Amino acid sequence: MRRLLGLALALAAVLAWPGPAPAADRIRVVATINDLRLLAEAVGGDLVEADTLARPAQNPDDLEVRPSHMAKLRRADLLVINGLDVDAWVEAIVVGANNPKVVPGAPGRVDLSLGIPVLEVPTVRVDRSMGDVHPAGNPHYYLDPGLTPQVTATLVDALARVAPQYRATFEARRQQFLDKVSAALAGWTRTLAPLKGAPVVVYHKEWAYLLARFDIRQVDTVEDRPGIPPSPGHLVQLIQRMRDEKIKVIIVSAWNDRRTAERVAADAGAKVLLLAHGAGALKGTDSYFDLFNYNVQQLADALTPR
Amino acid sequence: MRAILVPGLIVVFLLGSAPAFAEDVEALRREVEQLRKQLQSVTERLLAIEARPAPPPAAPAGGTAPAPPVATTPAPQAAPPVATAPAAPQAGPAVAPAPPPTPALASASQPPGGLTQATQPAAPAPSLGDYARPHQPFALAERRGPGQLLFDIGLSADLVATLTQRNVEKAQGGTFPGEENRFFPRSIELGLFGQIDPYARGVVRIEVGEEAENGEHDFKVDVPEAHLTLLTLPWNTQIKMGRMLNRFGMLNQIHEDDLPQTDRPNVLTRFLGPEGLIENGAELTWVAPLPFYLEALLGIFNGDNETAFGRASLRAPLATTRIRTFFEIDDANAIQLGVSAATGETTEKHRSTLVGADIKYKLVPEGWRHPLLTIAGEGLVSTRKVDVSGDLDRDGTRLRGGWYAYAEVQPWLRWAFGARYDWTQYPVNPGSEWAVEPYITFKPSEFLRFRLGYKHTERTNRVTGPDDRGSARLVDEIFFQASFILGAHPTDSF
């Protein structure tokens, strides 16, 4: 009996151990993707300690859940998710993290897609014969700097739920950040203004928001169905179309099948343009502004007629 | 006097206004009636429109596969929209990107977080008439949209074909006893899962599969999982209770259609039964507050599993424990380690204890969507007392064990090649067996998988079939497996 009691006490002591002390009581934010982490840091400043689940180079659409993700989420005060099904894998992490602050319905989680104008929302019933479609619409809105006001407003509300005493600070930082984004966006728009309406082909439809923002025309995709390797028949038609319409650029991200894209580009007399699908995905794209500086400059260089 | 005058005036006012009030009521009644008729008419028209077959999506140029038309949602016109209408029909899903506006950044264009700001098209709420009408499967799920309180539905099917020698079929000595040289639906599983309320999550899986008994092949319905998990307990703990696949070892909680090979490793089927350890009870988990992942688990169950335990009573419960940890060596290399133990009583009221250890390693090169290399293995030791005559271990104690290991290489997203080695003793009877199983997996998509495998098994003792028909010591089998998933997107786990 005494042995059992001792065991129970030891177990209770272990369970009650609060763990390592938090870094100066900062709000621990865990974002599903790196771009959202950067926004949380921009708004939260030194009041937050932010981390991300998907690494910058990973495809957020196709993440393998690992126990290390659960370890990160275990101590989070706020979980920031992208929503629109791109990071639906987070639910498995939430269940494994044993952290009641971030379970569905808890104040410590926020879906930043709320309130944004969603692109490419299917208007008919979708099924898997169409590939890995997102029934709620294109989820890659974080590639549109023009949506930053809405996204950061939602973020301020969420941070203020966790730490209401800092709401004014979050709002002030948000305004400072938006001023910078506004100035930068004006520059990016100027850079790409001469290329309005320029046609491009994309490998996967993750650039819809970026291209729409700068009025670059997405004419076709290398994948005929999202997430499924393209059929030879589709590639033949695509090459013909690119030749007919003089489309000179295929945009790819790091995880797309570069060989297929390069083969199509070679046959169509075009070139493959590697863009960063998120902050930190490529060298020199670590910050929020680096990401758009890089992508805008690459687009301008590739689309400017020579 | 004033006290009489004031109530009098009020009464006169009320009496005077009564006819007008009555008229107002009558007018309102007429208006409500008119609105009701309008609503009825609109409802009937809506039902008539819904009853019509949906027109097929327009075939894109060139005869490529049909794709869903998509529409961008209207954006608030804070600034002239940046129009990017596609000039020509597209081969992929038709996109009509009316792009987002260029909001004035200095002032947020929309209030935050409001559901009314969600610009996804709101699905109409199903009426009572909708529910009463016959539906095709998932028609209700199709209506899911903002504000709908529905859970996730997924269906998986796992079809297996086996080819083996005639004597193995007679002896029913193959990997799937009684199903030799047959194409059979091993598992068709309907999974329902979602939040019960803010505090708990629920999972129910109903499984139908073919089972062979006395030469007959029948479908058997089972509920391998029906449990809830309390998510908001203190001290980073959770309790899962109900019927579940126990978190014992690495593969026990993996469903048939999701196994890395067509069959469960021999050591697991020998010591835990063909379906693994499925028990009724509760598991408490705790995730340690450490920089790395460490999960501890304690479980109490009936002990219904007759292969390993079988006492089936909380008077002598089955107790389980598991500790699992995980290390990311770097961005590409990761390793998971686990130890498990389970102790309970057999139907003869003898103690039966299982102890296991497992390890899994994965190499996922930077930028890859899938692992290039997976190596995993699991070992199990069992000690139990048995009542048998001719006891070889004198006191009736059986100390037996086994292990398996596999390696899988996936050089391309759709293709994987691997092999598994098994060695195991029999839990009670004397003897052992080893097996080797190479296989190829092809996944046209995340939702469809084909696998072709070959398994060679050698046993120290012959297995004889019912009525002493046939015997099998050397077994060669070819497996073909087809698995598919409908509905909710699966989450890949390490």
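Predicted model: local features only at pLDDT ≥ 70, side-chain atom pairs only at ≥ 80, totals over all residues.
View 1. Strands here are DSSP runs of E with at least two residues, helices are runs of H or I with at least four residues, and both are numbered from the N terminus. Strand 1 (residues 27-31) of chain A pairs with strand 2 of chain A in the parallel sense over five bridges; a pair of strands requires at least two DSSP bridges. Strands of a sheet pair through backbone hydrogen bonds, either parallel or antiparallel. The open sheet has four strands in the order 2-1-3-4 (chain A), with parallel pairing. Strand 2 (48-52) and strand 4 (109-111) of chain A are the edge strands, each with a single partner strand, so one side of each has no neighbour in the sheet.

**View 2. The aromatic pair A:Trp188 and A:Phe289.** Rings of Phe, Tyr and Trp (its six-membered ring) pair if their centres lie within 6.5 Å; planes under 30 degrees apart count as stacked, over 60 as edge-to-face and the rest as tilted. By this rule there are 17 aromatic pairs over all chains. In one of them, the ring centres of A:Trp188 and A:Phe289 are 6.4 Å apart and the planes stand at 35°, so the pair is tilted. Because A:Trp188 belongs to helix 6 (residues 167-192) of chain A and A:Phe289 to helix 10 (residues 288-303) of chain A, the pair ties together parts that are 101 residues apart in sequence. A:Trp188 is buried at 5% relative accessibility, whereas A:Phe289 is partly exposed at 22%. Buried means under 20% relative accessible area, exposed over 50%, and partly exposed in between (1.4 Å probe, protein chains only). One aromatic cluster is formed by A:Phe177, A:Trp188, A:Tyr288, A:Phe289 and A:Phe292.

View 3. B:Gly154 lies in strand 2 (residues 152-164) of chain B and is buried, at 13% relative accessibility. Its C-alpha atom is separated by 8.2 Å from that of B:Glu189, 35 residues apart along the chain. With neighbours within four places in sequence left aside, the contacts of B:Gly154 (heavy atoms within 4.5 Å) include B:Glu189, B:Phe193 and B:Leu486.

**Notes to the views.** Residues are numbered from 1 along each chain as its sequence is written, and chains are lettered from A and ligands numbered from 1 in the order in which they are written. Local features need pLDDT of at least 70, side-chain atom pairs count only at pLDDT 80 or more, and totals for chains, interfaces and linings use all residues, while side-chain values use heavy atoms, with hydrogens and water left out.
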